[in-house]
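Let's walk through this chain together, one neighbourhood at a time. Please keep the viewer open as you read.

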Amino acid sequence: MPIGVPKVPFRIPGEEDNRLHRERLLFLGQQVDDEIANQLIGIMMYPNGEDENKDIYTYINSPGGTVIPGISLYDAMQFVVPDVHTICMGLAASMGSSVSTGGEITKRIALPHARVMIHQPASSYYDGQAGECIMEAEEVLKLRDSITNVYVQRTGKPLWVISEDMERDIFMSAAEAQAYGIVDLVAVDNTEDLL
């Protein structure tokens, strides 16, 4: 399925469909932007009305991205009835870690060598008058408060800890992300059995 406006998946006899989507396996393997967020939201919403007992699995390897699409993706994960598992593989940084945090509590997983990074949202689109700069700064502060509250709610950490940690880039291993409360489980590394 091409990236873009969400399409309602349906199957015409004799035509192939996307088996990954049918099995509710979603991948966020790029920066979060409007296109990928809308595509993933559309795919999440479709099975929401079909079989509410079949979970959704979202694999995340994302360097971050735009805040508003990331928040909309997080909100969709909270809205759908099926549980959303998040599996962090590679890197879940910035907005990628926020999306990873949005999985159903007890169903947020990190692979053994995954990395997670949290920090505060940044603004990069100021190009105008001073009054507009103030309004933009106020909006960024509101978004920061919103993201901070998500981390507080989903990790169980106190507000002051999250606020302080978001002041700079905090990189974590999978085990550190588990101790922090961003993920609930670190998958077992089966390569040890091969040695």
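## A look at selected residues

The backbone nitrogen of K157 lies 3.2 Å from a polar atom of the T155 side chain. The model is predicted, so local features need pLDDT of at least 70 and side-chain atom pairs count only at pLDDT 80 or more, while totals for chains, interfaces and linings use all residues. Residues are numbered from 1 along each chain as its sequence is written, and side-chain values use heavy atoms, with hydrogens and water left out.

T155 belongs to helix 5 (residues 130-155); helices are DSSP runs (H or I) of at least four residues and strands are runs (E) of at least two, numbered from the N terminus. The side chain of T155 also has a polar atom 2.5 Å from the backbone oxygen of Y151. Beyond neighbours within four places in sequence, T155 is in contact (heavy atoms within 4.5 Å) with I162, Y180, G181 and I182. Y180 comes up again with K157, whose charged end sits over the Y180 ring, 5.2 Å from its centre; this term asks for NZ of Lys or CZ of Arg within 6 Å of the ring centre and within 35 degrees of the ring normal.

Now to the annotated positions. UniProt, in an unreviewed entry, places the feature "active site" at S94 and H119; such annotations may be inferred rather than shown by experiment. The two are spread over 26 residues of sequence, yet they cluster in space, with a largest C-alpha distance of 6.0 Å. S94 lies in the loop between strand 3 (84-93) and helix 4 (95-101), and H119 in the loop between strand 5 (115-118) and helix 5. Their side chains make a polar contact of 2.8 Å (N or O atoms within 3.5 Å, one able to donate a hydrogen and the other to accept it; residues adjacent in sequence count only if both atoms are side-chain atoms). Leaving out residues up to four places away in sequence, S94 touches P63, G64, M117, H119 and Y151, whereas H119 touches S94, M166, R168 and D169.

How do these residues compare in accessibility? Buried means under 20% relative accessible area, exposed over 50%, and partly exposed in between (1.4 Å probe, protein chains only).

| Residue | Relative accessible area | Class |
|---|---|---|
| T155 | 15% | buried |
| S94 | 19% | buried |
| H119 | 24% | partly exposed |
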